[in-house]
Amino acid sequence: MVYVRRDVGKAIVLALRNIGGSATAADIKKEIGDQQIDGLTDEDISYTKTNDQGEYSPFNADFDFCIDNMTSLGYLAKETANHEFVLTELGKTDDISNFPTPEQTDQLNKYWKEKYRGHKPSRGLKRATKVKK
């Protein structure tokens, strides 16, 4: 089984709706896997890959990215005191059957462009060179 990278924002909102509107990241992920929300399974959530930097979870990367997306679109708020994510009124009531809409995609593109305006693209780590003695 190989997890295919994807937008999990809709799954996050649906899981929070099932749970009651607020939950920790761990509880949201558990609900997504247990209920197979938006076609995601426990295997998708727990799948890990190894690269030259070590082991990582592609789902967790998508989850974190989509938490930012859903917050920027106004669906979520972050509760820092108890490390929970809370649905806003929009998150509780908006019809997300066609998420993301073209307008939402435009809004997200603007958000990320603005967030990283002025940042130089990463060129990776520089390799150490041997010093001749």
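How many helices and how many strands make up the secondary structure of this chain? The chain has six helices and five strands, where helices are DSSP runs of H or I with at least four residues and strands are runs of E with at least two, both numbered from the N terminus. This is a predicted model, in which local features need pLDDT of at least 70, side-chain atom pairs count only at pLDDT 80 or more, and totals for chains, interfaces and linings use all residues. Residues are numbered from 1 along each chain as its sequence is written, and side-chain values use heavy atoms, with hydrogens and water left out.

Read from the N terminus, the order of elements is α-β-α-α-β-β-α-β-β-α-α.

Now the sheet. Three strands form an open sheet in the order E1-E5-E4, with antiparallel pairing; two strands count as paired if DSSP finds at least two bridges between them. Strand E1 (22-24) and strand E4 (76-79) are the edge strands, each pairing on one side only. On average, neighbouring strands of this sheet are turned by 30° against each other, direction ignored.

Between E1 and strand E5 (residues 84-87) there are three bridges, in the antiparallel sense. Ala23 stands opposite Phe85 in E5. Helix H2 (residues 25-35) packs on the sheet and touches E1 and E5, contact meaning heavy atoms within 4.5 Å. The direction of H2 makes about 100° with that of E1; axes are lines fitted to C-alpha atoms, for helices over the stretch in contact, and angles run from 0 to 180 degrees between N-to-C directions.

Last, the contacts of the whole chain. Of those between residues at least 6 apart in sequence, 57% join residues at least 24 apart.
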